[in-house]
Amino acid sequence: MPIAVTIRDESSITGTTDTLKLTFPSSVITVEELIKRRVDREVRDRSRTRVSAQFSPVRVSAEETILNIGRPRRSAKKPLLVREKKKVSAAEPTIEERYQIALKGFYSNAFFILVGDRQVRELDERIQLAKDTDIRFIKLVPLIGG
Amino acid sequence: MRSKKNKRVLIVGVGGLGTVIARELVLTRQCSISLIDGDCVSREDAYRQILYTNADIGKKKVDAARARLKEMRPTAAIETFDVFLSKENASSLVSSYDIVIDAVDNAQAEFLMNDACVEQGKPFLYGAIHGLRGQVALFNVRRRRFGSRPTNLRDVFSTPESYPRFTPRTTGPIAIVTGSMMALEILRFISGKTLRFVDALCEIDLELPQIRMFRFRPRSIST
């Protein structure tokens, strides 16, 4: 039975920066499936935004990446895992390449995932989903005060 | 290997965090400390940094801090350096210490310390605060499970250029909580107890309040 869960993005400085709902076909998923589903969703949202942006006075920035989630947001939706190129080139990354970038990011501390209070650390780790499962994608941002 | 009492701790920056750490270490009589800071005490420092008073405004931070610490414990071994950490002096300053403590408020100095510690195989305790949030992590301490390389600052925060650009706002309470956690980790290191912040970044949020630990690995390790 499909299950919808709310995912929250957080950064060290600003706290929660965004939320999105993802639907999964079953209630037990792996971390890899979670990341891939998220990439799919961001790619879909991004192409939709690109089409509508032609008619909108507010264009979505081309450099909206995971690295920006700690900064003030200028537009409502910014992709967390899908990195856009500054200039649109012919060689747009395929969905498989995007998966690999996101999975590599998971293993290189680009973002962290908390399920409830538990940090998931391996791609094959299983997550039991319920409607109220608390999933957070966290970007650690250095604080500079001393 | 130096004995426990002879361990030497280098505290870089004598501001919100540095004053708390220095005070704890001096009062616990576990080690000798050295303080580095080229700055003078400002009015704001006197209000929220625990070793200073209004009478210290305009004085060199290292001198004012040393005088206050000596009042607390006259026999304390305290060395001071009235300089800012730079590319030229980082390596030589770090070389004669058992552990280096980051209590500075700028990214460049943090990376200088980190790189000097990596080069010389010294443990590097990172600490930072902003508003009501604080972070602590212990870098460059070997853990067997990742094989050859211990983690360092660049495994989590990449480069000084990746740091957000804003003026840090620090408050007394977060400096005291974060500084105390750092001091405890230093004491665990000195006494050979289990270290809590190796390969882990502790994030403290006094507003909620909550403390969370994020485990990380060297960037080159893929599984």
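This briefing walks through a predicted model, from its confidence scores to a few backbone details. Residues are numbered from 1 along each chain as its sequence is written, while chains are lettered from A and ligands numbered from 1 in the order in which they are written. Because this is a predicted model, local features need pLDDT of at least 70 and side-chain atom pairs count only at pLDDT 80 or more, whereas totals for chains, interfaces and linings use all residues.

**Confidence**

- The model comes with an ipTM of 0.87 and a pTM of 0.86.
- Chain B has a mean pLDDT of 92, with 94% of its residues at 70 or more; pLDDT is the predictor's confidence in each residue, from 0 to 100.

**Where the chains meet**

- On the chain B side, 31 residues are in contact with 17 residues of chain A; contact here asks for C-beta atoms, placed from the backbone, within 7 Å.
- Elements of chain B that each supply at least two residues to this side are α1 (16-28), β5 (124-130), β6 (133-139), α6 (153-157), β7 (200-205) and β8 (210-215). Helices (H or I, at least four residues) and strands (E, at least two) are DSSP runs, numbered from the N terminus.

- Chain A has an open sheet of 5 strands with mixed pairing, in the order β2-β1-β7-β4-β5; strands pair if DSSP finds at least two bridges between them.
- The edges are β2 and β5 (118-120) of chain A, each pairing on one side only.
- Neighbouring strands of this sheet are turned by 30° against each other on average, direction ignored; the axes are lines fitted to C-alpha atoms, and angles run from 0 to 180 degrees between N-to-C directions.
- Strands β1 (residues 3-11) and β2 (residues 15-24) of chain A run antiparallel, joined by 9 bridges, and a hairpin of 3 residues links β1(A) to β2(A).
- β1(A) also pairs with β7 (residues 135-139) of chain A, in the parallel sense, over 5 bridges.
- A:Arg8 has bridge partners in both: A:Thr19 in β2(A) and A:Arg136 in β7(A).
- Strand β4 (residues 112-115) of chain A pairs with β5(A) in the antiparallel sense over 3 bridges, and A:Leu114 stands opposite A:Gln119 of β5(A).

**Helix α7 of chain B**

- Helix α7 (residues 172-191) of chain B has 20 residues and reaches 28 Å from first C-alpha to last, close to the 28 Å expected at 1.5 Å a residue; the expected span is 1.5 Å times one less than the number of residues.
- Buried residues of α7(B) include B:Ile174, B:Met181, B:Phe189 and B:Ile190. Buried takes 20 or more other C-beta atoms within 10 Å of the residue's own, exposed 12 or fewer, and partly exposed lies in between, with C-beta atoms placed from the backbone.
- Among the elements covering these buried residues are β1 (8-12), α1 and β4 (99-102) of chain B.
- Just after α7(B), B:Gly192 takes a positive phi of about 75°.

**Backbone details in chain B**

- B:Leu208 and B:Pro209 are joined by a cis peptide bond, with omega about -15°; B:Pro209 sits in the loop between β7 and β8 of chain B.
- B:Arg29, not a glycine, has a positive phi of about 55°, and is exposed, with 11 other C-beta atoms within 10 Å.
- B:Ser158, also not a glycine, has a positive phi of about 60° and lies in the loop between α6 and α7 of chain B.

Technical notes: Contact = placed C-beta atoms within 7 Å.
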